Amino acid sequence: MTTVYQHGTLALLMAGLMDGTQTLADLLQNGDHGIGTLSGLDGEVIIVDGEVYQAQSNGQVNHITDLTAKVPFASTHTHQGAYQLAFETMSFDNLPAQLADFQLQNVFAAIKLQGTFEHVHVRIAPKQTKPYPSLLAVAEQQPEFERRDVRGTIVGYFGPEVFAGATAAGWHLHFLSDDREFAGHVLGFSGADIVGSLDIFDNLVQHLPVNDAAFRAHVLNLDGLKAGIEKAEGRG
């Protein structure tokens, strides 16, 4: 059995519920690769080989060793690399077509890509303070960064449409450069001679912050949720 673990939901961030509700230490009990954000929507988190990195909105990348830090939303898995990948050329826009033979539309999957990327375009959520805005409001004014000829790693997940709201339908990717000086939520990338691997999961563990009073009291509004998430992800 292969498992992807998720704490919290994107719908909570869309509603402005951004307090951290699980420690990184607990999150890492469920995998050694992943993505997410820290309490208050403080930047973009990427987990590679069990190490946690945070891209801050000023462009700085931090190696997070204090595992008492908390996340409101994150996904993780144990990297197995069941399917090996190699691309002469590839881009974010062409990724679905290049993986079409795997028929991912109804499953959860994780990808890890490595190489020298000709171009990487990222955005980084700035830390918020209470009263928290919605994720969409943050996304409309978050800083973006670009880097060319950068060697690094992309980690992220594919979520099927039926789970939109709990997570992002389609691909949700984060990037981390090998020199640990550039990272963020991927808006676009292109590269040549990129290698990597794909894991397909037959099990989703959805962990909810049941001890968080704001989560328990929140009344979810589904109107426009999927469209709002797509805009917040940079696809709208």
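This is a predicted model: local features need pLDDT of at least 70, side-chain atom pairs count only at pLDDT 80 or more; totals for chains, interfaces and linings use all residues.
1. The side chains of Lys112 and Asp49 meet in a salt bridge, with 3.7 Å from N to O, where a salt bridge is taken as a side-chain nitrogen of Lys or Arg within 4 Å of a carboxyl oxygen of Asp or Glu. The pair links distant parts of the chain, 63 residues apart, with Lys112 in strand β10 and Asp49 in the loop between β4 and β5 (51–55). Lys112 counts as buried at 9% relative accessibility, whereas Asp49, at 55%, counts as exposed. Here buried means under 20% relative accessible area, exposed means over 50%, and partly exposed lies in between (1.4 Å probe, protein chains only). Strands are DSSP runs of E with at least two residues, numbered from the N terminus.

2. Residues are numbered from 1 along each chain as its sequence is written, and side-chain values use heavy atoms, with hydrogens and water left out.

3. The structure holds 4 salt bridges, and another of them joins the side chains of Arg123 and Glu44 at 3.0 Å from N to O. This pair also links distant parts of the chain, since Arg123 belongs to strand β10 and Glu44 to strand β4 (residues 44–48), 79 residues apart. Arg123 counts as buried at 5% relative accessibility, and Glu44 likewise counts as buried at 5%.

4. Arg151 is in strand β11 and Asp178 in the loop between β12 and β13, so that the pair links distant parts of the chain, 27 residues apart. Arg151 counts as partly exposed at 46% relative accessibility, and Asp178 counts as partly exposed at 39%.

5. The largest nonpolar core has 24 residues, of which Ile111, Leu113, Phe117, Trp171, Leu173, Phe175 and Phe189 touch the most other members; such a core is a set of buried Ala, Val, Leu, Ile, Met, Phe, Trp, Tyr and Cys residues joined through side-chain atoms within 4.5 Å. Strands β9 (83–91), β10, β11 (144–159), β12 and β13 each supply at least two residues of this core, and its largest share, 6 residues, comes from β10. Leaving aside neighbours within four places in sequence, Leu113 is in contact with residues including Leu85, Phe87, Met90, Ile154, Phe189, Ile194 and Val195, contact meaning heavy atoms within 4.5 Å.

6. The structure holds 7 aromatic pairs, and one of them, formed by Phe117 and Phe189, is edge-to-face, with 5.8 Å centre to centre and 90° between the planes. Because Phe117 lies in strand β10 (residues 108–123) and Phe189 in strand β13 (residues 183–201), the pair ties together parts that are 72 residues apart in sequence. Both Phe117 and Phe189 are buried. Ring pairs also link Phe92, Phe117, Phe175, Phe182 and Phe189 into a cluster. Rings of Phe, Tyr and Trp (its six-membered ring) pair if their centres lie within 6.5 Å, with planes under 30 degrees apart counted as stacked, over 60 as edge-to-face and the rest as tilted.

7. His172 lies in strand β12 (residues 170–177) and is buried, with a relative accessible area of 11%. Its side chain is joined to that of His174 by a polar contact of 3.4 Å and to that of His185 by a polar contact of 3.3 Å. A polar contact is a pair of N or O atoms within 3.5 Å; within protein, one must be able to donate a hydrogen and the other to accept it, and residues adjacent in sequence count only if both atoms are side-chain atoms. Apart from neighbours within four places in sequence, the contacts of His172 include Ile35, Phe73, Tyr157, His185 and Glu233.

8. Gln22 is placed in strand β2 (residues 22–23) and counts as buried at 7% relative accessibility. The side chain of Gln22 makes a polar contact of 2.6 Å with the side chain of Tyr5. Not counting residues up to four places away in sequence, Gln22 touches Tyr5, His7, Leu27, Ala69, Lys70, Val71 and His207.

Definitions and conventions:
Helices (H or I, at least four residues) and strands (E, at least two) are DSSP runs, numbered from the N terminus.
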